[in-house]
Amino acid sequence: MAKPTTDESISRKIEGLVHEEQHLYGKSELADHDQVRLEEIKVELDQCWDLLRQRRAKREFGDDPSQAHARPADVVKKYIG
């Protein structure tokens, strides 16, 4: 995941991923590559939401939100949704 620099850019990334996810779910039949992309989208969404939460928490406690970083996919995939 490329590092978004603001809450707004992270939110735009989330919106784009959700739109793509909805488009794929709207298909009557998913090809194998569509299934793979859906899994990638889920991980990217987890990473984006995690990064957004980190930035908000840092801001809330007086820290610099730009110091937040996207965690690796293998870390965020373990989170319970």
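Which residue forms a salt bridge with lysine 27? The views below begin with the whole chain and then come to this pair.

View 1. From the N terminus on, the elements run α-α-α. Helices (H or I, at least four residues) and strands (E, at least two) are DSSP runs, numbered from the N terminus. The C-alpha atoms fill a box of roughly 50 × 25 × 20 Å, taken along the principal axes. Of the 81 residues, 31% are buried. Buried means under 20% relative accessible area, exposed means over 50%, and partly exposed lies in between (1.4 Å probe, protein chains only). The accessible surface comes to about 5700 Å², and 51% of that belongs to carbon and sulfur atoms. These areas come from the Shrake-Rupley method with a 1.4 Å probe; for residues, only the protein chains shown count as cover.

**View 2. Lysine 27 pairs with aspartate 34.** This is a salt bridge, with the closest N and O atoms 3.1 Å apart. The term means a side-chain nitrogen of Lys or Arg within 4 Å of a carboxyl oxygen of Asp or Glu. Lysine 27 is partly exposed, at 34% relative accessible area. Aspartate 34 is buried, at 6%. The structure holds nine salt bridges. Side chains of opposite charge can pair when their charged atoms come close.

View 3. An α-helix has 3.6 residues a turn, so residues three or four places apart point the same way. Both partners are partly exposed: lysine 42 has a relative accessible area of 34%, and glutamate 39 has 45%.

**View 4. Aspartate 50 forms a salt bridge with arginine 71.** The closest N and O atoms are 2.7 Å apart. Aspartate 50 lies in helix α2 and arginine 71 in the loop between α2 and α3, so the pair ties together parts that are 21 residues apart in sequence. Aspartate 50 counts as buried, at 6% relative accessibility. Arginine 71 is partly exposed, at 28%.

**View 5. Five residues are linked in a network of salt bridges: Lys13, Glu20, Arg37, Glu40 and Glu44.** Across the chain there are 14 positive and 17 negative charges, and their mean positions are 4 Å apart. Lys and Arg count as positive, Asp and Glu as negative; His and the chain ends are not counted. Each charge is placed at NZ of Lys, CZ of Arg, CG of Asp or CD of Glu.

**View 6. Glutamine 54 sits in helix α2.** Glutamine 54 is buried, with a relative accessible area of 11%. Leaving aside neighbours within four places in sequence, glutamine 54 is in contact (heavy atoms within 4.5 Å) with Ala68, His69 and Arg71.

View 7. Glycine 62 follows α2, with a positive phi near 80°.

**Notes.** Residues are numbered from 1 along each chain as its sequence is written, and side-chain values use heavy atoms, leaving out hydrogens and water. In this predicted model, local features need pLDDT of at least 70 and side-chain atom pairs count only at pLDDT 80 or more, while totals for chains, interfaces and linings use all residues.
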